[in-house]
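Hello,

Here is the structure I promised to pass on. My notes follow below it.

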Amino acid sequence: MKKALELAEKGNTSPNPLVGCVIVKDNKIVGQGFHEKFGGPHAEINALKKAGKKSKGATMYVTLEPCNHYGKTPPCTNSIIKAGIKKVIVSMLDPNPLMKGKSLKQLEKKGIKTEKGLLEEKAKKINENYIKFISTKKPFVILKAAITLDGKIATEKFDSKWISSKESREKVHELRSKTDAILVGENTILKDNPRLTSRIKKGKNPLRIIITTKKLSSKLNVFKDENFLIATTRKELFKEKNFENKVLELKGKKGLVDLKKLMKELGKRNISSLFVEGGSGIFTSFVKEKLADKLMLFVSPKIFGKGIPVFGNLKIKKAKNAIQMKELSFVPIGNDVLIQGYF
């Protein structure tokens, strides 16, 4: 199952789950595969194809309950039954309402033994995006920032190049490539003029989402191609041709963009994961409205003193009311430390 989980992480399947499969017979791996891309053959089908006739009487280890319904591809359960697999072991059940254990019951009716729960927590971790999306129809939201030891994302003059190390920046590009969309506020766009792309070989660029109440120039780097979306309170600010069908008007309270409506809209567009990269006002809004799921801080061994904090006023008056992060982890990256946790 460890091998199947390693294979699963190689896929790029959003909004579908990451799935890996290993087929074993006589204590030997006879077939293996993973779900490589959305709309492509599922992990089980790829593994069965490699195993061929050796599938008969073999045991299948798969990280997620096999599908039993028609979607982009036929049901995997039919192929498993036809191949003569004698036992199926899964890490986790599929939270999709169409599934939730139905496949295992179908396999058992055909005389195939089943087990569930092996390395389940690991399987859930690699599919945290999918679990949130399929359960709520909203994206899994990650707040990501490069900060100094004293919690600043920029100097008081808004300079932030470069807080983090080269290794950290490379990691961010890798993460962007695995995420459906990246979101920033107008201040980040106006101060840094970023491209917000994934600059790695064969990496995919996420949809770029800009939150703004101001008119923005069409010549900014973020608008160099059509892979962007603007969320604003005033649609009439963006009448230029390259903004056509790229603007959402989402009026919220106090003249701000309604983030909750935006999350619902992104869900309708099959955006299962969202990487929020700033700035401070955006981070603060996502936390205050309880829209963030995960926090990733690339902490650099630098001190700015006065500067722009990663979070603004969260209106916490007493220490006992502080937001308590869960499941913290600490990973050295170059000269930095990546701190990850869940809200």
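**Surface patches and one buried serine**

Helix H9, residues 259-268, gives the most to a patch of positive charge, with 4 residues. Please keep in mind that this is a predicted model.

The positive patch sits on the surface. Its members are Lys138, Lys253, Lys254, Lys260, Lys261, Lys264, Lys268, Lys288, Lys290, Lys315 and Lys317. Take Lys253 as one case. It lies in the loop between strand S11 (247-249) and H9.

Leu328 is found in strand S15, residues 326-333. Is Leu328 buried, partly exposed or exposed? It counts as partly exposed, because its relative accessibility is 47%. Patch residues need over 30%.

Where does Ser55 lie? It is in the loop between helix H2 (43-51) and strand S3 (59-64). Ser55 has a relative accessible area of 1%. Buried means under 20%, so Ser55 is buried. Which residues is Ser55 in contact with, leaving aside its neighbours within four places in sequence? They are Ile23, Leu48, Ala83, Gly84 and Ile85.

Best wishes

Notes
Residues are numbered from 1 along each chain as its sequence is written. This is a predicted model: local features need pLDDT of at least 70, side-chain atom pairs count only at pLDDT 80 or more; totals for chains, interfaces and linings use all residues. Side-chain values use heavy atoms; hydrogens and water are left out. Patches are made of residues with over 30% relative accessible area and no salt bridge: like charges are joined within 9 Å, nonpolar side chains (Val, Leu, Ile, Met, Phe, Trp, Tyr) within 5 Å. Accessible areas come from the Shrake-Rupley method with a 1.4 Å probe; for residues, only the protein chains shown count as cover. A salt bridge is a side-chain nitrogen of Lys or Arg within 4 Å of a carboxyl oxygen of Asp or Glu. Lys and Arg count as positive and Asp and Glu as negative; His and the chain ends are not counted. The place of a charge is taken as NZ of Lys, CZ of Arg, CG of Asp or CD of Glu. Helices (H or I, at least four residues) and strands (E, at least two) are DSSP runs, numbered from the N terminus. Buried means under 20% relative accessible area, exposed over 50%, partly exposed in between (1.4 Å probe, protein chains only). Contact means heavy atoms within 4.5 Å.
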